[in-house]
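This report describes charged side chains and their surroundings. The sequence and structure are shown first.

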Amino acid sequence: MTDSKTRRLRQTGTLNPNPERVSDPLFADSDFFDPRDILQVRYEMVRRAGKSALRETAERFGTSVPTCVRANRAFREGGLQALIPQRRGPRGAHKITTEILAFVEDYRIRHGPIGSRRLVPLIADRFGVTLHPRGLDKALARAKKNPARRS
């Protein structure tokens, strides 16, 4: 069963995927310190990082040394907000440019309705960009929904 705090942490992206790895005494039997809260764990880790060896600190907070180093740098540069985990990878259809969308629109005007599976090889030949048909479908749907902000 998932309690309301766990649901809230999951919704905000701050649910620690490995709370069982946190061995710092602060988190042992506390009503306040919660190893499921990655933001709280990272903040306490950053506070401790300067007071003990980095490897020991990383171990006590259930993380790797590189993650500990990145968290320290993020906190110095961006404060508490910077400790919130961010989604990795590109956001949006970064390969599908307005030029590609215009090409698809023009091609469909000249040749009639044609599916993304047949368009993807044409785009690869013309633009040198490898796309997945579903990614093209999504970009076309976004462009149709919001024509002023084409991808």
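## Basis of the exposure classes

A residue counts as buried under 20% relative accessible area and as exposed over 50%, with partly exposed in between. The model discussed here is predicted.

R47 has a relative accessible area of 43% and is therefore partly exposed. E44, by contrast, is buried, because its relative accessible area is 6%.

## Salt bridge within helix α2

The structure holds 7 salt bridges. One of them joins the side chains of R47 and E44, at an N to O distance of 3.0 Å. Both residues lie in helix α2, and because they are 3 residues apart there, about one helical turn separates them.

A network is also present: salt bridges that share partners link D3, K5, D34 and R36.

## D24 and its two partners

Which residue meets R48 in a salt bridge of 2.5 Å, N to O? The partner is D24, with contact made through the side chains. This pair links distant parts of the chain, since R48 belongs to helix α2 whereas D24 lies in the loop between α1 (4-12) and α2, 24 residues apart. R48 and D24 are both buried.

D24 also forms a salt bridge with R60, in which the closest N and O atoms are 3.0 Å apart. R60 is in helix α3 (residues 54-60) and D24 in the loop between α1 and α2, so this pair ties together parts that are 36 residues apart in sequence. The accessibility of the two partners falls in separate classes: D24 counts as buried because its relative accessibility is 2%, while R60, at 25%, counts as partly exposed.

R42 is placed in helix α2 (residues 38-49). Its relative accessibility is 23%, so R42 counts as partly exposed.

Leaving aside residues up to four places away in sequence, R42 touches L83 and P85. The C-alpha atoms of R42 and T63 are 9.3 Å apart in space, although the two residues are 21 residues apart in sequence.

## Positive surface patch

R70, R73, R76 and R88 form a positive surface patch. Where is R88 placed? R88 is in the loop between α4 (65-78) and α5 (98-111). Is R88 buried or exposed? With a relative accessibility of 76%, R88 counts as exposed, because the exposed class begins over 50%.

Notes: Residues are numbered from 1 along each chain as its sequence is written. This is a predicted model: local features need pLDDT of at least 70, side-chain atom pairs count only at pLDDT 80 or more; totals for chains, interfaces and linings use all residues. Side-chain values use heavy atoms; hydrogens and water are left out. Patches are made of residues with over 30% relative accessible area and no salt bridge: like charges are joined within 9 Å, nonpolar side chains (Val, Leu, Ile, Met, Phe, Trp, Tyr) within 5 Å. Accessible areas come from the Shrake-Rupley method with a 1.4 Å probe; for residues, only the protein chains shown count as cover. A salt bridge is a side-chain nitrogen of Lys or Arg within 4 Å of a carboxyl oxygen of Asp or Glu. Lys and Arg count as positive and Asp and Glu as negative; His and the chain ends are not counted. The place of a charge is taken as NZ of Lys, CZ of Arg, CG of Asp or CD of Glu. Helices (H or I, at least four residues) and strands (E, at least two) are DSSP runs, numbered from the N terminus. Buried means under 20% relative accessible area, exposed over 50%, partly exposed in between (1.4 Å probe, protein chains only). Contact means heavy atoms within 4.5 Å.
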